[in-house]
Amino acid sequence: MRIVSPSNLSADFSRSLLSNEHIPMLRREVLDTFLRDRAVSCGARLIPGLFTSLEAPSSPSDPYLLRYVADGSTKAIEVDVVVGADGANSRVAKSIDAGPYSVAIAFQERIRLPSSLMDRYADLAEIYVGEDVSPDFYGWVFPKCDHVAVGTGTTVARSEIKKYQAGIRARIGKNIAGGEVIKKYQAGIRARIGKNIAGGEVIKVEAHPIPEHPRPRRVRGRVALVGDAAGYVTKCSGEGIYFAAKSGRMCGEAILKAWKGGNGMVTEEDLKREYLRKWDEEYIGMFRFLHLLQRVFYGSNAAREALVELCTDDYVQRMTFESYFYKKMAAGNPWKDVGLFVKTMGSLIRAGIVGREVERLAIATGIAIKPLVN
């Protein structure tokens with residue numbers, strides 16, 4: 001994995017990986033099908049359909065009435081417990097008034113490259129930071145087996161999502177070549193990548209809302225939210241797949257434990273005690289720490305330059321991967337932590353001075369200072 005600064009300085013962020021460690025890249029269209037098929041093979045009943053509404057029970061022992069559309073008609077099913085795993089725009093969350101929360105928009109193009117260019121990304125993921133690719137997140141080039149995903153993310157108001165999606169639907173299936181108007185930040189990431197994707201064919205255009213924080217209410221009655229529906233996507237890295245899978249497992253185990261201990265009944269207290277409390281105890285600290293990192297390092301190009309400089313440090317890389325692989329804050333060396341703090345302050349100060357001088361020069365000359373192109 002390589003991270004590239006606004007001025008195109010790069011850091012090999014996987015230099016400290018051990019021989020048995022790797023950074024996986026997934027294709028959701030493959031993973032999701034696999035998970036559904038495995039659930040069915042283990043005894044789950046799969047009902048293809050579109051969930052539309054949830055009717056709350058009139059008493060604690062009555063079932064929920066879940067309505068959905070299948071085969072062109074509205075149907076219903078009675079259930080004891082509902083697990084909402086239906087993404088950032090969760091209808092289950094709306095049904096239980098889970099509360100408002102902020103979202104970001106992730107936009108990407110799937111691009112099939114000539115084999116000579118695809119070789120570069122056979123074992124490489126790239127992350128680009130800078131005002132030109134995102135004001136508060138990063139741009140990326142991720143390998144997807146036989147093509148690459150090129151995209152960017154940024155925080156937007158929830159009301160903006162429909163506008164983005166309308167534009168995407170209008171563009172699906174089109175090649176971006178030929179001067180077609182593209183979004184500002186997507187144009188930025190394309191400019192930074194430059195010749196590395198020259199001649200590539202856009203085979204798919206995608207956009208998804210990404211939760212910015214856990215929802216105010218993730219359990220209500222016998223309804224629990226997991227994954228993106230609950231808001232389990234980390235700041236700074238934008239990771240969500242692991243936390244979706246893990247929260248689903250923890251919620252399922254909580255339901256099973258309550259069923260066995262409560263003669264087949266599950267209560268709101270069971271879900272809060274066995275799922276929500278355990279989740280928060282294990283992961284909420286990491287979510288808050290990554291939120292702080294994003295605020296510090298993604299707020300300006302000067303801070304982003306400091307971030308990339310720090311990413312060249314072996315100790316920073318090792319602590320990052322220890323936390324990434326095991327999903328908890330790594331226990332560091334106290335003396336090295338002090339040294340890292342000093343180095344961080346030095347990087348921020350140096351980058352701050354550089355950033356102010358660049359801005360001063362741009363104002364004085366009236367010339368827009370743009371990052372170099374690879």
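This is a predicted model: local features need pLDDT of at least 70, side-chain atom pairs count only at pLDDT 80 or more; totals for chains, interfaces and linings use all residues.
Residues are numbered from 1 along each chain as its sequence is written, and side-chain values use heavy atoms, with hydrogens and water left out.

A word on names. Helices (H or I, at least four residues) and strands (E, at least two) are DSSP runs, numbered from the N terminus. Two strands pair if DSSP finds at least two bridges between them.

Now the sheet. It is open and has three strands in the order E3-E4-E5, with antiparallel pairing. E3 and E5 are the edge strands, each pairing on one side only. On average, neighbouring strands of this sheet are turned by 25 degrees against each other, direction ignored. For such angles, axes are lines fitted to C-alpha atoms, for helices over the stretch in contact, and angles run from 0 to 180 degrees between N-to-C directions.

How many bridges join E3 to E4? Strand E3, residues 50-55, is joined to E4 by five bridges, and Leu50 stands opposite Val69 of E4.

Strand E4 itself covers residues 64-70, and five of its seven residues are buried. Buried means under 20% relative accessible area, exposed means over 50%, and partly exposed is in between, with a 1.4 Å probe and protein chains only. In a regular strand, side chains alternate between the two faces of the sheet.

Next, two helices. The axes of H7, residues 241-261, and H8, residues 268-297, come within 8 Å and cross at roughly 155 degrees. That makes H7 roughly antiparallel to H8; the cut-offs are under 35 degrees for roughly parallel, over 145 for roughly antiparallel, 65 to 115 for roughly perpendicular, and oblique for the rest. The crossing of H7 and H8 is right-handed, meaning that the near helix is turned clockwise from the far one by less than a right angle.

Contact means heavy atoms within 4.5 Å. The residues making the contact include Tyr242, Phe243 and Met250 of H7, and Leu271, Trp279 and Phe287 of H8. The residues of this contact divide into 13 nonpolar, one polar and six charged.

Leaving aside residues up to four places away in sequence, Asp270 touches Ala258, Met265 and Tyr275.

Glu239 is in the loop between helix H6 (227-230) and H7. Glu239 is also buried, with a relative accessible area of 18%. Glu239 and Tyr324 are 85 residues apart in sequence, and their C-alpha atoms are 9.6 Å apart in space.

Last, two loop residues. Asn8, between strands E1 (2-4) and E2 (10-12), has a positive phi near 70 degrees and is not a glycine. Asn8 is buried, at 15% relative accessible area. Cys145, in the loop between strands E9 (139-143) and E10 (148-156), has a positive phi of about 75 degrees. Cys145 is exposed, at 69% relative accessible area.

Terms used:
Ala, Val, Leu, Ile, Met, Phe, Trp, Tyr, Cys and Pro count as nonpolar, Asp, Glu, Lys and Arg as charged, and the others, Gly among them, as polar.
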